[in-house]
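Good morning, and thank you for coming.

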Amino acid sequence: MATLRVENPIVTLITDFGLTDEYVGVLKGVILSCNANIRLVDICHLVPPQDRTTATHLLTRSYSFFPCGSVHLVVVDPGVGTDRPILALQADGHFFVGPDNGIFTPILKNAHSLAVYRVTASELFLARMSSTFHGRDIMAPVAAQLANGLPIDRVGPRIAPEDCRLEGPHPCSEIGGVLQGEITHIDRFGNLCTNIYREDVQRFAHGKAIVVQMVEDDQLIIDSVCASYAEQTYKKIVALFDSHGYLEIAENMGSAAKRLKSAIGSTVSVLLK
Amino acid sequence: MATLRVENPIVTLITDFGLTDEYVGVLKGVILSCNANIRLVDICHLVPPQDRTTATHLLTRSYSFFPCGSVHLVVVDPGVGTDRPILALQADGHFFVGPDNGIFTPILKNAHSLAVYRVTASELFLARMSSTFHGRDIMAPVAAQLANGLPIDRVGPRIAPEDCRLEGPHPCSEIGGVLQGEITHIDRFGNLCTNIYREDVQRFAHGKAIVVQMVEDDQLIIDSVCASYAEQTYKKIVALFDSHGYLEIAENMGSAAKRLKSAIGSTVSVLLK
Amino acid sequence: MATLRVENPIVTLITDFGLTDEYVGVLKGVILSCNANIRLVDICHLVPPQDRTTATHLLTRSYSFFPCGSVHLVVVDPGVGTDRPILALQADGHFFVGPDNGIFTPILKNAHSLAVYRVTASELFLARMSSTFHGRDIMAPVAAQLANGLPIDRVGPRIAPEDCRLEGPHPCSEIGGVLQGEITHIDRFGNLCTNIYREDVQRFAHGKAIVVQMVEDDQLIIDSVCASYAEQTYKKIVALFDSHGYLEIAENMGSAAKRLKSAIGSTVSVLLK
């Protein structure tokens, strides 16, 4: 099959396979068997089992830092063995491979350029297929071939983005003079990540001063948004825009997650001062 | 020393070094100092300390997915500093390096083509040897040189496979009309892996219907073998053949390990219906 | 900018980013976007949050096993967003990049050849800077360019090593006829690592026999230093010189950390027998 030769192909990996089994290693073996020159980069293998929301969070906050042409393989696949489709996307210069279960929602909704394909070309798959490990048998070989330069229209028929499963956290929204979002992820440092984007806040505040309210922490008020963790007093709870531009609740030199009751899904509100 | 030039040499790693110390990084530094072009692939570093059974499980279920010529380095070495030998194997087109403590048993028993060497060529070792880290001082440099194309007979004398230490789980066996095996591994999803191979079941059942009995769970009966996790009712305990062809006990969208009492070593029986 | 072409550039990584977020993957994406041919080697990402002592321990025990010219990136940066400087070091043929917060103390003190630079050349940084992730925005691109062959004097002004922050564990010292050190790290196997170096002991003992005393374990006496874990009786507490030449307290086939009360910071004494 005719392929373009890619000089330093990259495949990134997000899975819920953990680090105690051989599954991640096997994926990599399949990919390197296709082309031993591929660079493999682990984004995360500790996605909680079958947790598509976390997979989406990690993917959308990482892929754009890789060179154009990179292939991003996401194997969080509770539907393995059913007839849920497998997708290959070309979006804004990157490739994505994974099951059609909502994990690609933000890319399907927000990409500037987008082409979506259903993966059906079985000649690309491993010869001996299982019904429990399509990551190994289908997705890894397809990702490797895309990294190799296989034109994406060879993986199967093009489909409309609307025909894919769309899910994921709601964007934040303004309700009764309050900009309301939620905690979408808690990182290793105990920082609470939200879905409230810097531009949402700017549009809401029109240059006026704001406060952040943690609804489930007895309406705790954080009375300004600071520029860095270290700008504030030691052990103070602060709000700031994280390195992706989203509002984050943190504790300077500590863990906000340990201090506060708020958890994933808890409401975070932005109010005018 | 004359070596063939290998274009994209691969070394895979299985250790019990964990992820909180510098040990894995040091192994990789030694290997890349020998040839910075080697591709390093982590299979697992969270093998429980000195647990040779898990190391063997992970090795035998991963190596064959890598390209021929790959070198598989296994450092689970409770006998470090004693005179237990270090082995280098060439088996079915792959290379293996590790201590002679039973970890290579299935390869020594089942390989179609096999040559076994005792590693003694000290000119291959790190110049400054320790008595506590032979993974770094002996095994890593030997693995790197094999990956580089060093002919394996340069590492030391060839020995008979029978002279190596053989261990590991018994294969499953038929006793009194019952095919009896055991749980050999529990994966991240709580799936219970067994040593009962698909062909053992086919030979036992002769096409008749079977049930699976979990002896230590009050003789729990699983009344059929299904094709995939998702085929069954939500949260139902199922038996299926895993992606390597071994019988596995799982819970659809849950953890069988949390639901059941059975653990590593527990008996799993297959009976005619 | 003129750079030498490096054939197989290596960047090693030590961070406190953990393995559950996208942060490590993002660092790697930034580095590979600079040069997709760079070999990335994880030393450790499970440094406890903001724990500079552990970062230093891991760095000083790993970097010298990599080829000369390797770049060692250390992102443990509690001061992110403040004006603490970022350093680039060339020391004994290796490069180092990280914040000026004491993590490089042993290299600054002990390197045979050393040049230290303050990283200020903002044209090397990511175009869109954050105030919370200088690892991504400044340190990763600078590390990548040094790996690429950028002359180190292009990163900013050269400064005196004395102008850097120096910290870290005290070296062991002789007090009243006792050589006194401390536990600096506990590894995955429960081995207690100390700052007592083999040559310190040799200088102290002048060839006489010694014993090791664990002060916080009711003055427990370990009556000799053995050569390997396995040399001693099963489950016996032993003292030995580890693979880096430092005195270590271990349990043969067990965990000294579980058996003993001594912890990081506890005193370990060497006495003449």
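Let me start with a term. A crossing is called right-handed if the near helix is turned clockwise from the far one by less than a right angle, and left-handed if it is turned anticlockwise. Please also keep in mind that this is a predicted model.

With that term in hand, consider chain B. Helix α1(B) passes α4(B) in a right-handed crossing. Helix α1 of chain B covers residues 23–34, and helix α4 of chain B covers residues 134–148. Two packed helices are described by the angle between their axes and the distance between the axes. Here the axes come within 9 Å and cross at roughly 40°.

Which residues of α1(B) and α4(B) meet? From α1(B) come B:V26, B:L27, B:V30, B:I31 and B:C34. Across from them, α4(B) contributes B:G135, B:R136, B:A140, B:P141, B:A144, B:Q145 and B:N148. Sorted by class, the residues of this contact are eight nonpolar, three polar and one charged.

Now to chain A. The axes of α1(A) and of helix α4 of chain A, residues 134–148, come within 9 Å, with a crossing angle of roughly 40°. That angle makes α1(A) oblique to α4(A), and the crossing is right-handed. On the α1(A) side, the contact is made by A:V26, A:L27, A:V30, A:I31 and A:C34. On the α4(A) side, the residues are A:G135, A:R136, A:A140, A:P141, A:A144, A:Q145 and A:N148. This contact of α1(A) with α4(A) divides into eight nonpolar, three polar and one charged.

Helix α1 (residues 23–34) and helix α4 (residues 134–148) of chain C have axes that come within 9 Å and cross at roughly 40°. The two helices, α1(C) and α4(C), are therefore oblique to each other. Their crossing is right-handed. Among the residues making the contact are C:V26 and C:L27 of α1(C), with C:A140 and C:P141 of α4(C). By class, the contact holds eight nonpolar, three polar and one charged residues.

I turn next to the places where chains meet. The size of an interface is often given as the accessible area lost when the parts come together. Chain C and chain A bury about 2700 Å² between them, with 57% of that on carbon and sulfur atoms.

Between chain B and chain C, about 2700 Å² is buried, 57% of it on carbon and sulfur atoms. In chain B, the residues that lose the most area to chain C are B:D21, B:E22 and B:T132, together 20% of what that side buries. This contact draws 37 residues from chain B and 31 residues from chain C.

Finally, salt bridges. Side chains of opposite charge can pair when their charged atoms come close. How many salt bridges are there over all chains? The count comes to 27. Between chain C and chain A the count is zero, and between chain B and chain C it is zero.

One example lies in chain A, where A:D42 forms a salt bridge with A:K28, the closest N and O atoms being 2.9 Å apart. This pair links distant parts of the chain, 14 residues apart: A:D42 is in strand β2 (residues 39–44), and A:K28 is in helix α1 (residues 23–34). Thank you for your attention.

Conventions. Residues numbered from 1 in each chain as written. Chains lettered and ligands numbered in written order. Predicted model: local features only at pLDDT ≥ 70, side-chain atom pairs only at ≥ 80, totals over all residues. Heavy atoms only, no water. Axes fitted to C-alpha atoms, helices over the stretch in contact; angles between N-to-C directions. Helix = DSSP H or I, 4+ residues; strand = E, 2+ residues; numbered from the N terminus. Contact = heavy atoms within 4.5 Å. Nonpolar A, V, L, I, M, F, W, Y, C, P; charged D, E, K, R; others polar. Buried area = accessible area lost by both parts, 1.4 Å probe. Salt bridge = Lys/Arg side-chain N within 4 Å of Asp/Glu carboxyl O. Parallel < 35°, antiparallel > 145°, perpendicular 65-115°, else oblique.
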